[in-house]
Each structure stands twice: as structure tokens, then as C-alpha cells.
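Student: Pick one part of this model and take me through it closely. Give the cut-offs as you go, and then say what else the model holds.

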Amino acid sequence: MSLIYDPPQDCKLVGAVRAIHGVSDSITIIHARPGCHCGMLLLKALGSNQNDVRVISSGFRAQDTVYGAEGRLSAAIQHSQEYFEPGLIAALNCSAPVIMGDDIDGVASVMEEGIPAALMTLATGGYEGPAWVGYEEALVKFTDYMIPVERPSANKVNLIGIKTDDVNAAGDLTEIRRILKDHGIEINTVLADASFDEIKSAPDASLNVVLGGDGLECAKVMRERFGIPYITTPYPFGVKKTTEFIEKVTNGLGREIEIELIDREVELVREGVERVCMFLQGLYDMPVAVIGESGRAFDLAEFLSDELGLNVKVLAISGKNYLTPDRLEDGNGHFGNVLIEPDRFEMNDLIKRAGVSAIFGSTFEKHLSSELKAPLIRVSYPVIDEVRITDSPYAGFRGTLHLCETIINAVITQNIEEIEE
Amino acid sequence: MAENGSSFLTSFVKMYGTLPLHGITAIPGKISGALMLTDAIEDAVPLIHGPVGCAFQRKVNPFKPHSPFHTTPCTNLNDTDVVYGGEEKLEQGIRETYERYHPNLIMVITTCPSDLIGDDVEAVTREVSSEVGCDVVYSTGDFVGRSKPVGYQDAFYAITDQMLCNGTGNGDPERNEGSVNIVTFPIHGAGIKVAEMASVLGDMEIGVNKVCFDHTRVEDLYELPKADLNITDYPMEWAKLMDERSDVGCYEILGWGRYSEEKDPELLSPYGISGSSRVFMEIAEMMGKDGEAEEVIERRRRDAEERLSKARKDLKGVKIAAIGGLHGVGLNLFKDAGVDVSVLICRTQIMESRLTEEAIKEIVDMNLNLAEICGFDPEALVNPTIEEEIKAIKRSETDLVIAPSTSAHLYNREGVRTFDPTSFVIHHQRVGFECPIELCQMLKGALRTPERRTPLLSMLKHDSQMHGLTPHWAKLSRAFNLLRADTIGDRVDVDADIDRAERGPDK
């Protein structure tokens, strides 16, 4: 195994920002040299919420490595409050100040009395772990601000594991809300796609629903602190996984799934499938590669294989979560060659040798897809070369048809030069 | 490329050109600059000596967001390495990088963790480089002081220092007498932008040794010290080093250093007929070819002016509202195009947290002086609101506003046509006599555009001072500039800044 690593995943900082940025009235201060701030800002600005980028720099400079930059951080906290009046200010301590020993907890503690916003700190040195660990730790940190409820509302659940910058996250959430609402279930708080007040009132729910395993640690802490049970569900890609999702949630609340509702939804999917049946027949057995984070990629791969009949040759998990080992066990042959957090060079090599005709991945697979002249279907983080401003989901029943549509179009709209022999 | 100078690439680049980065809301770190240089050398590969984030997040290229860096291997430093050091990993990493990619150059780029833990990157690099079949160079960001962009300057300096002119004979190759290198910032199409310059120099019997970066390979870099002169856009530390060690002179197209001594605003205006003539003559003088140059410049100039007189025919009497500053379309070019600059808009808000009031005043005065030299008598507006601008534009019966696409809609909805300076500057503005002719064609194109009274972008609120930004982004910008500068009081004046750029490394 090589020592050098061209990573398919980011560092702890990015995972933490992805969680915190989901709090709609938060400001994240990147306490780091300018590159980390610029990188984060770009990842956000190149996405689909360009006027909702809430990441600022503490202004850390080279000379601060000698004397420390705690003063800069306190100025950044002060200005964040004045400029943005947020509910939550999160200061993330990155590699340089962590090594220098900047006491960001001390800064927050000194300042919290004079700052109306809640102050949250997190160590996110790049060498301290991968992105998914940062995401988990940030969600766990949120539990510090949650207010216990004596008698939580029945039929209210929290969704855990949503990342607002995932492809179609907003549409997926709308679809999940709709499906649950049809079953009389209300979403209390989405972790993390909520205001800070909503985060605080997360304990007012009867069940935590962990999507795809992301945020499992937060669910465990909430069970411990607030007595809220949790279930893990698949990310609802396709009919089978969506049905399984609803079954698990309803059962978790001690209720039965409403079969008639499901049948009605499935019928709508059937009608859509019928409209493009010949292209779907054409797609059958097409060799593909799937690259994505554990929370979504396993379920996507299974949908592609089990429901669309695609031949998933390679499944590369770019970022793990605590459920990844379990997911590996239950693939039933749908995942092909599975790579966990592989080196990009080795992953590309394997995909090239696998002879795939389409790639399901992120913007960073663009180069590979060009080399292979295979369409790239952007389903995984980060997508910085495609935008979504409508609410068409990939998840749920409606998402099933949208995924079909996207895949068929990606194949049949290939440019002539890309399909020339 | 089409007649109006547009192509898919220009549109594609423009899609990302509206991101308010580079000193407005963020500054790319040194890794991005070093990656940009490495990426511009076809047979070079970077090796990032740091943790995964420094390799993954930096794939997003802040200089060309549409074009990520695809290959960014790293040494994957973890917390144990931060305690015990990462030198062994680096050593092995260099070997593996060679075995895996077979490059001709490995650029080791250090990161915050490897810098702070004190890994002796120089020693490791020196030791391993003899074991691999390619050059190995390291860049820490410390070689070039505050010369911007630091990562780019530093990596190029490292190549010159450790590879091209390292005292082992590389820096004293057989000379390509009477030739120059033309080296531009490796962003968009250097080859196209310098083609005319190369042709004019050829007529003056000045050879072009190398053009960088245009499919540049390591072997091309080794040829750089053969030339007599390096021509660069801006002051470049590597060029000064090559001058010192290998006696290759350097000429900067934008004469920042000379401006600080002579205060002649034309030194910062190298474009258009007169600016280009001056630049060509100065290069010729440095190359001892002034005799030949006079005739060539005269001939080329006459030929261009003949065509220019036709091209600018329909532009007579056209009034333009131009934007002042240190960047943007040169006022010389408007003079060549035969238009009148009726309004001159100077925006200083972004500079306010970084420059002193005197420095800002000097920049404003410099633009007004240049306007006067060009024969314009514009109404000058400093940090106007959009309403004030529109009033002045209507009062002066201005036909066209030079406005980037971030704010064009604000004028369009008032029935005023606009011309996008960003695409022009990136893809067309260059030293040479053809550029004003292209500008004429493009201005005429802009004057022919239909009135756009109802752009969707007008539905958005905009900041009253920074028109191109929404109020939210304006806040991000203000916070960024305030936090980066104010807390340590590092405002600079223009001269000091220019001096520093000239003086080089702030060791």
C-alpha cells in the first residue's frame, strides 16, 4: 500500500463546516491561515446557495505563528456578532493555531458574556481526522445547546445526517417531509438544516432517524442525555429503500406503515417508468462506478443495481461513517469491488480497468469521466460545477423518477466527439 | 474564436469570474499558488507535505475555479507525525511519487503542519533527489516575502534557486544570444496573448527563447537561463534571482518600481499604441536593438493605425464611463479607440482597510492624471452610489458604461448599455498594436446590444457602495478586510508597497 495519498475525502474542518453551516443563523469562523478559509468559501460559493455563505476568516497571518492569534479570533467573534447578529458563532481551530496552542476555548469563555450569540469551539486540525469525524463531532457539540423536554411530542422525529450542500439536499428533504407527513409524522429538527432555535429544541421529538449512518454518534449522545431512541435507516434512494425508510420510521414510532399510501406512490413511479421504458431497458446491465460518501453511496449503488439493473463494477466510499463496516456486510453482491477511502490514483486505475460506461460521483471525477468518455452523473459531494435551484429530489418516490431521468439524459445527451469510436 | 472575440472558453471562464475572491472576501493560500505553477508545467507533479485536507480542499483552484487540480498527492500527515515529525514520510513520499507518476519534476509543497513542526524539508529533498530520476524542488512560501501571489512566486523562485540556477552549472548554459523569454501568469492562454509581441520582437531581430506558460515542460524551464532577458507582467522574484545568478536581465511590463520613482502614470499603462510602443522600445534598448526597433515600431504602428482609423470610425463621439484603479481596461486604449471618457469612476472601498488615505488619493490622482494625458476631461466620481453614477451618466449623455457583469444590470435597467471589462482584460488586453483594434470591434458590438430593461438580476438588492455585491457578500467582504488588516494596523502606502515589491524578499 502506498504512503502517498491523493485523497477522495477532506479533513475534519470541512466535515465540521458542513454540519455547522446547516444551522441557518450560524457564522463559522475559520481560525487558520488564509488557504483554509478560501477553500471553504469556494466550496460553499460554488454550490447552489451562493447568497447564503456564512464562513469568515479570523484574519490569521504568518506573523501570528510567533505570538499567537487569540486576539484576532476575539475580534472575529466580535465582528461576526456585529455584522451578522447570528444565533450561533462557531470558531474552528485549524492546524496552525492548534499546533501553536491557541486557547480558543479560553477566548470563547472570556467573550461569551458580552456576545448574545452562542459560542461554540471545535478543534479541527487537518491532521486530526477526516471530514466525517468533523461532521460527527460538530453534531455532538450541538447537543450541548439542546434543551431537555419532559414529555416530547409524539409523532415528531428528528432527521439526522442531512448535509445541506449535498446534491439535491433541499429537494430530498422536501420529499422526505412529504412522505412522512402523509403518514402523519412531523419532522421536528433536521440535523443539520435548521435554525439554531430549532437545534435547541431537538429534544422535543420521540425518535431520532439517522439517515445512512451519518450522525450516529449524535443520536447516541441524545439517547443518553435526553432519552430519545434512535433508528438507522437507509438514505431513501429508489422504491425499495424509500419503503424501507418509512417502515423503519413508522415502526420506530410504534405504528404500522400505510400500505395504500405506498401503493399509490409506487403506481406513480410505475407510470413514469413506463414513459421511458425503452431507455431503461437500454440502460440495463450498463457497467458503472459509484463514488461517494458512506451515508448515501451504499444505498445509491444498491438502487442502481437492484432497481435499475445497472452493473455496479466499483463502489468507492470516499468518506466513512460509523456504520460503514456494517454496510459492507449487507451488499448482497450489489456493490462490485468496494474501496474504502481509497487513494484516488489507485481508485481511478481500478475504474479504468473495470470498463465502466458511466460514473456516479462528484465534480472531482470530471477528469476521469473525460478520460473514459463516460458521462458523469453528479450525485456526491462536492459538486461545484452543477447547480440546483428547484426542488427536484433524488430521494424518495419522486426522486426515483428524477434519478431515472437524470441518468437517461446523461447518457443520451453525450456529445458526438465523446461517443466516437 | 469568433469575430467579436468570443469563444466558449471566454464564456466558461466568465461564469466563474464573478466570484468575489482575491482580496475581496478571501485570499488563496500559498498551496494554491504553488499548485497553479506546478499544474502549468506539463511534466511536473506536486507532492503536498501535509494532511488530507491540504490536498483535497486545494483541488478547488481559486485562480481557475472551472478547472480543479486533478492530481494532488499528499504525505497524509496525522497527529503522530505532528509529534514525531514527517520527514520519513516525505522521503518515502518523494520516492513513491516518482514511481507512480514518472514526472520530470516533483514540487514538494509544505503546509501549516509541516512548516510548524520544523521538518527539514530541504535536507530530505536534497537527499532523496539523487535517488529518483527527476528533479525535486521544495516550496515553503518563505522565499519571496510578501510578493504576491506568494505560492506562485515562491514555487517559481524555488525552481530557479534549486534547479535552474543552483550553482552546479545549470545556470550557465550556452546562451541563445539576442533572445528573450516571455513569461506570463499561467491563467488563460499565454501563447495567444504573447503571439503578437513575439512577432514584433522578431522583426526587431530579437529572438524569443521561451514563452511560458504554453505547454511548458521541464526541459523548457532549463532553457530559460539561455536568454538575455526575462519579460514578465509584474515584478517576479525568480527573475531577479536569475538576473543575479545567471545574468539574465529582467523587464517588467507594469513598471511599478519606476512609477514609485518617477510618478509617471503612463508607466502603469503599457497597453495601446503609445504604451506598447514604449514597452517595445524599452525592451529593444535593453537588448541593444534600439536602432532596429525604431523602424519596426514605426512600421507596425503605422500599419495598425491605418486599420485602427477604419475600426474606430463609428466610435467617434461615443462617450464612455470608465472605471479607474490599478487594474482594468487601460485609458490609453480608449484614447486609441477614439471614444471620449466622459465619466471616470474610482472605487476605493476594498482598498480602504489596506491602504492609507494618502495611498488611495494617489491612486485616484494617478487615474485623473492619466485621463488628462490621454486628452479626456471626465467628471470624476469617487465611491459614488449607483444613483449618483446614473445621474452623471445621463447628464453627460454617456453611451456606454464599462461595467463588469456583476453590476451591468444596474445600468442596463436604466437604459444604459455596458461593456464587460473583465473578459477583455483576461483574454484580449496585451502589449501590441492589434489590441486597440479588437477593442474597437468589441465596443461597437456592445453599442449594438439591445436595451435590457428587465434583467432578473435587478430583482436582487445590492450593496450601496459595492454595487457588484449583494448586501450579504458586502458584509463578508467588509468583515474579511477589517479582520485581516485593522487588528494589526498593517496599512501600507503605495510607495512602501511598491518599494517592497521591488526590494524583494522580506527575510
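Tutor: I317(A) has its bridge partner, I340(A), in β11(A). This is a predicted model: local features need pLDDT of at least 70, side-chain atom pairs need 80 or more, and totals for chains, interfaces and linings use all residues. Residues count from 1 along each chain as written, chains are lettered from A and ligands numbered from 1 in written order, and side-chain values use heavy atoms, without hydrogens or water.

β10(A), residues 311-317, runs parallel to β11(A), joined by 4 bridges. Strands are DSSP E runs of at least two residues, helices H or I runs of at least four, numbered from the N terminus; pairing takes at least two DSSP bridges. The open sheet holds 5 strands in the order β11-β10-β9-β12-β13 (chain A), paired in parallel. At its edges sit β11 (337-340) and β13 (376-378) of chain A, each pairing on one side only. From one strand to the next, the twist averages 15 degrees. Axes are fitted to C-alpha atoms, for helices over the stretch in contact, with N-to-C angles from 0 to 180 degrees.

Across β9 (287-292), β10 and β12 (358-361) of chain A lies helix α14(A), residues 294-307. Its direction is at about 180 degrees to β10(A). Contact means heavy atoms within 4.5 Å.

Chain A also meets chain B: 62 residues from chain A and 60 from chain B take part. Between the two chains there are 3 salt bridges. R100(B) and E346(A) form a salt bridge at 3.7 Å, N to O; the cut-off is 4 Å from a Lys or Arg side-chain nitrogen to an Asp or Glu carboxyl oxygen.
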